[in-house]
Amino acid sequence: MKDTLLIGLYSLAAGGVVGLAGAGVLRLLRGRSILVHVLVLLAVTVLAVVAGVATVARAMFLSGHDLWVVLVTVTASAVISLGVGAVFGHRLAASAVWAQAARDRERHLEAGRRELVAWVSHDLRTPLAGLRAMAEALEDGIIRDPVTVDDYHRRIRVETDRMTRLVDDLFELSRINAGALQLVPTTVPLSEVVSDAIAGVAPLAASRRIRLVAADSGWPVVRAGERELSRIVSNLLINSVRYTPADGTVHIAAGHEQGSVWLAVSDTCGGIPDGDLSRVFDVAFRGERARTPGTDGSGGGGLGLAIVRGLVEAHGGRVGVRNTGSGCQFEVRLPAT
């Protein structure tokens, strides 16, 4: 009984020393990854067993041969345990990180959905109330002046077009988020896509006295979905035109660089606050009041840049924004053909 008690005490003492050392190491590594902590815990556990067995073996005054056999056996077991533990510890750490990332992404998406519902409710309720009021005024004959009647008809058309664009954007965004976007990649001359996009945005730019300037050369060919690429370019141009003051300039250029094709849209909007740069591609984000579109029918639902990011990422590319001297620059990078 006394021998058993001594064996237990020796084992506890040896394991305790290793455990305290391991606790100190974990404290020093508290800012490291989950995998590091798992490996350290595994090593502490195995070393505590090895230390206990080695201490007891020496205390039992085993012969040199027997002590060597015990140490080799324990060391082999420790190596196997550490190897197996490292493999499965890596998987466990990866699963934990993935699960945390999934939870963070779900919270971010849920917050985005709530914000989107709030924005859409506002953007639909306000024009619908105006449309109802104008329709009732026309129906009841309250408004008879031809000029006012024509103005009401124009405003009804403008608001209807605006809501149609909002619904189209919602549908496009839902396809992207649901993974239902089916790309049909083709070889597309970027110059033609940009030319068509500029032609489509030209009336809006003219009404706001904005100059659209495209680079004379350097336009590459890109492998992408033509419709989706056209939407990317158009949304970027429309966004820059909306937020650029009158008599400003929107410039677009493209080229090859380090195995990728880049497209840059620069404007003279005055810049974006640094705190908003990381949020401009979020759903329904419009920024401060100074960057909020006016009430001339050109305003959007804050979905254009979110759609751009979704379409670019669907092509395996990335999009970013940075401030320049007089405005900001949006840059899209897609894999080269």
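Trainee: How far is the sulfur of Cys 328 from the closest cysteine sulfur, and in which residue does that sulfur lie?

Mentor: Keep in mind throughout that this is a predicted model. The general idea is that a disulfide is called when two cysteine sulfur atoms lie within 2.5 Å. Here the sulfur of Cys 328 has its closest cysteine sulfur in Cys 269, at 3.4 Å, which is too far for a bond.

Trainee: Are Cys 269 and Cys 328 buried or exposed?

Mentor: Burial is read from relative accessible area, where under 20% counts as buried and over 50% as exposed. Cys 328 is buried, with a value of 0%, and Cys 269 is buried as well, with 13%. For the protein as a whole, 36% of the 337 residues count as buried.

Trainee: How many helices and strands are there, and what pattern do they follow along the sequence?

Mentor: The protein has 7 helices and 7 strands, and when the chain is read along its sequence they follow the pattern α-α-α-α-β-α-β-β-α-β-β-α-β-β.

Trainee: Which residues form a nonpolar patch on the surface?

Mentor: In this structure Leu 5, Leu 9 and Leu 12 form such a patch, and together they have about 330 Å² of accessible area. Leu 5 sits in helix α1, which covers residues 2–28, and Leu 5 is exposed, with a relative accessible area of 54%.

Trainee: What partner does Asp 169 have in a salt bridge?

Mentor: Asp 169 forms a salt bridge with Arg 231, and the closest N and O atoms of the two are 2.4 Å apart. Because Asp 169 lies in helix α4 and Arg 231 in helix α6, the pair ties together parts that are 62 residues apart in sequence. Asp 169 is buried, with a relative accessible area of 15%, and Arg 231 is buried too, with 18%.

Trainee: Which residue does Glu 331 meet in a salt bridge?

Mentor: The side chain of Glu 331 meets that of Arg 333, at 3.0 Å from N to O. Glu 331 counts as partly exposed, at 26% relative accessibility, whereas Arg 333 counts as buried, at 12%. Elsewhere, salt bridges that share partners join Asp 169, Glu 172, Arg 175, Arg 227, Glu 228 and Arg 231 into one network.

Trainee: What separates the C-alpha atoms of Val 321 and Glu 331?

Mentor: These two residues are 10 residues apart along the chain, and their C-alpha atoms are separated by 6.2 Å. Val 321 is found in strand β6, residues 318–323, and Val 321 is buried, with a relative accessible area of 18%.

Trainee: Which residues line the largest cavity?

Mentor: The structure holds 1 cavity of 30 Å³ or more, and the largest cavity has a volume of about 40 Å³. Its lining is made of Leu 190, Leu 229, Val 261, Leu 263, Val 332 and Leu 334. The elements that give two or more residues to this lining are β5 (260–266) and β7 (328–335).

Trainee: Which residues have a positive phi although they are not glycines?

Mentor: Arg 209 is one of them, with a phi of about 55°, and Asp 247 is another, with a phi of about 70°. Arg 209 lies in the loop between α5 (190–207) and β2 (211–214), while Asp 247 lies in the loop between α6 (226–243) and β4 (249–257). Asp 247 is exposed, with a relative accessible area of 57%.

Terms used. Residues numbered from 1 in each chain as written. Predicted model: local features only at pLDDT ≥ 70, side-chain atom pairs only at ≥ 80, totals over all residues. Heavy atoms only, no water. Buried < 20%, exposed > 50% of the residue type's maximum accessible area, 1.4 Å probe, protein only. Patch = residues over 30% accessible without salt bridge, like charges linked within 9 Å, V, L, I, M, F, W, Y side chains within 5 Å. Areas by Shrake-Rupley, 256 points an atom, 1.4 Å probe, with all protein chains shown as cover. Salt bridge = Lys/Arg side-chain N within 4 Å of Asp/Glu carboxyl O. Helix = DSSP H or I, 4+ residues; strand = E, 2+ residues; numbered from the N terminus. 1 Å grid on protein atoms, 1.4 Å probe; cavity = no way out; pocket = protein on both sides within 12 Å on 5 of 7 lines; lining within 4 Å. Points joined across faces, edges and corners; volume = space filled by probe spheres on them.
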